Amino acid sequence: MCTVCGCGTGHSHGHDHDHGHNHDEDHVHFGAGEAGVSVPGVSQSRLIQIEADILGKNNSYADRNRALLAEKAVLALNLVSSPGSGKTTLLVETLNRLSGKTFASVIEGDQQTSNDADRIRATGAPAVQINTGKGCHLDAHMVGHALEKLPLEAGGIVFIENVGNLVCPAAFDLGEAYKVVILSVTEGEDKPVKYPDIFAGADLMILNKTDLLPHVDFNVDEAIANARRVNRKIQVLQLSARTGAGVDGWLCWLEGARAMQAAGLAAE
Amino acid sequence: MHEMSLCESILDILKEQAARDRFSRVKRVSVDIGPLSCVEPEALQFGFDVVMKGSLAEGAALVISRPPAEALCLSCFKTVPVKQRFDCCPECGSEALQVVSGDELKIRELEVV
Ligand SMILES: Nc1nc2c(ncn2[C@@H]2O[C@H](COP(=O)(O)OP(=O)(O)OP(=O)(O)O)[C@@H](O)[C@H]2O)c(=O)[nH]1
Ligand SMILES: [Mg+2]
Ligand SMILES: [Zn+2]
Ligand SMILES: [Zn+2]
Ligand SMILES: [Zn+2]
Ligand SMILES: [Zn+2]
């Protein structure tokens with residue numbers, strides 16, 4: 001697994017060090033520099049000062065998605081977690097419980113396969129699969145295209161299951177109303193401080209697989225305290241997507257979030 | 001690897017800027033990467049060299065500055081430097097810090113011909 005971003009592509013970050021780096025106090029200079037090109041007096045290069053946000057394009061797509069969702073009165077949630085913490089299982093359970101009451105659809109992000117979208121469609125809910133290939137996160141542009149393919153019913157919910165990865169999805173706003181991070185009790189209570197960015201940006205943390213608590217060495221209070229160290233405002237729910245214990249609390253939270261969206265009060 | 005897609009965003013910005021400011025080559029790109037921005041400078045550099053190949057910025061230098069991350073202490077109301085999101089206030093020890101800067105990801109200056 002890639003240790004830089006946590007993605008599972010197995011690519012290499014090795015680069016030949018012919019460019020050399022210098023580390024000043026708070027600067028790190030990389031790159032080929034001007035070796036061989038900078039003959040004094042010959043270069044006509046000029047400097048341009050700009051203030052361009054590197055994520056600016058993603059953010060403008062996200063703003064567009066957010067405006068569309070607000071106009072349609074649809075609640076969008078961005079579900080992030082490491083691989084296998086139970087996002088799809090929780091979605092299947094949730095869709096079964098919402099069925100006939102609240103219209104919901106799903107955008108599934110995975111590097112490969114449509115397995116998760118197939119699991120979702122088996123509940124009767126519409127789903128769009130986005131395969132990111134080597135990409136290890138969804139971006140707002142992909143999500144914008146997926147939204148074009150889904151029926152958006154007023155008062156409904158779009159669940160966006162991000163690629164299983166606790167690193168890069170933190171940087172890419174998708175236009176969701178809320179970000180929900182799922183941590184399962186088999187992963188260790190130190191995850192929030194190991195991957196602080198994703199927990200810092202989340203509105204809600206779901207502790208999943210609580211049915212396994214008797215069998216694992218996982219300190220729930222410590223996990224919550226760690227999450228609050230990086231995000232004082234994070235809300236926390238505990239549940240088991242497998243047994244259904246605690247899922248009522250999640251459905252309640254969803255009702256509240258839907259009401260906030262309908263009232264135009266859902267925060268970024 | 002999201003540093004790769006960030007480099008593609010950088011290239012898009014360079015192309016737009018080239019059309020606006022009429023330049024054909026980029027020799028240096030200076031960026032601010034906040035320490036809380038979840039970008040690894042090494043990985044950004046690697047992606048930069050790969051993504052810029054064959055473009056107007058092939059062989060350009062990427063100069064990465066790391067502006068300091070700061071937080072507001074909600075206990076003593078001072079603005080204090082932090083290294084990580086879960087640091088305590090160095091002045092009073094409080095855990096109630098609100099990060100105010102450090103997640104910048106922006107291009108600040110270009111050297112072009
Ligand atoms: N015991 C237990 N197992 C669970 C629970 N929720 C999910 N699982 C199991 O965990 C495994 C992974 O679940 P998924 O729902 O596929 O996880 P995911 O987060 O969607 O995984 P990716 O999409 O691959 O990132 C499956 O074997 C599930 O049956 C739970 O609450 N308790
Ligand atoms: Mg899944
Ligand atoms: Zn498009
Ligand atoms: Zn990677
Ligand atoms: Zn990524
Ligand atoms: Zn203080």
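Q: Buried means under 20% relative accessible area, exposed over 50%, and partly exposed in between (1.4 Å probe, protein chains only); is Phe48(B) buried or exposed?
A: This is a predicted model in which local features need pLDDT of at least 70 and side-chain atom pairs count only at pLDDT 80 or more, while totals for chains, interfaces and linings use all residues; side-chain values use heavy atoms, with hydrogens and water left out. Residues are numbered from 1 along each chain as its sequence is written, and chains are lettered from A and ligands numbered from 1 in the order in which they are written. Phe48(B) is found in helix α2 (residues 41-52) of chain B, where helices (H or I, at least four residues) and strands (E, at least two) are DSSP runs numbered from the N terminus. Because its relative accessible area is 0%, Phe48(B) is buried.

Q: With which residues is Phe48(B) in contact, leaving aside its neighbours within four places in sequence?
A: Contact means heavy atoms within 4.5 Å. With sequence neighbours within four places set aside, the partners of Phe48(B) are Cys7(B), Ile10(B), Val29(B), Ala60(B), Ala61(B) and Leu62(B).

Q: How many helices and strands are there in chain A?
A: Chain A has 268 residues, of which 50% count as buried. Of its contacts with a separation of 6 or more, 71% link residues 24 or more positions apart. The elements of chain A number eight helices and 10 strands.

Q: Which residues of chain A does UniProt list for "domain: CobW/HypB/UreG nucleotide-binding"?
A: UniProt positions are given in the numbering used here, with shortened feature names, and annotations may be inferred rather than shown by experiment. The listed span is 31% helix and 22% strand, and its end C-alpha atoms lie 16 Å apart. The unreviewed entry lists residues 78-237.

Q: What separates the C-alpha atoms of Glu71(A) and Ala262(A)?
A: Glu71(A) lies in helix α1 (residues 56-72) of chain A and counts as exposed because its relative accessibility is 63%. Along the chain, Glu71(A) and Ala262(A) are 191 residues apart, yet the separation of their C-alpha atoms is 9.8 Å.

Q: What is the volume of the largest pocket?
A: On a 1 Å grid over the protein atoms alone, a pocket is an open set of points where a 1.4 Å probe fits, with protein on both sides within 12 Å along at least five of seven lines; lining residues have an atom within 4 Å of a point. Grid points are joined across faces, edges and corners, and a volume is the space filled by probe spheres set on the points. For the largest pocket, this space is about 1,200 Å³.

Q: Which element gives the largest share of the lining of the largest pocket?
A: The lining has 42 residues, and Asp197(A), Ala200(A), Gly201(A), Arg85(B) and Asp103(B) lie nearest the pocket centre. Elements giving two or more residues are β8 (178-184), α6 (196-200), α7 (220-230) and α8 (247-262) of chain A, together with β5 (97-101) of chain B. The largest share, five residues, comes from β5(B).

Q: What is the largest C-alpha distance in the cysteine cluster that UniProt annotates as "binding site"?
A: The annotation, from an unreviewed entry, covers Cys73(B), Cys76(B), Cys89(B) and Cys92(B).

Q: Is Cys76(B) buried, partly exposed or exposed?
A: Cys73(B), in strand β3 (residues 69-73) of chain B, counts as buried because its relative accessibility is 0%. Cys76(B) lies in the loop between β3 and β4 (79-82) and touches Cys89(B), Glu91(B) and Cys92(B), residues up to four places away in sequence not being counted. Because its relative accessibility is 25%, Cys76(B) counts as partly exposed.

Q: What value is phi of Phe77(B) near?
A: Phe77(B) is found in the loop between β3 and β4 of chain B and counts as exposed because its relative accessibility is 61%. Phi is positive here in a residue other than glycine, near 60 degrees.

Q: In which helix is His2(B) found?
A: UniProt places the feature "binding site", from an unreviewed entry, at His2(B). His2(B) counts as buried because its relative accessibility is 0%. The element that holds His2(B), spanning residues 2-21 of chain B, is helix α1.
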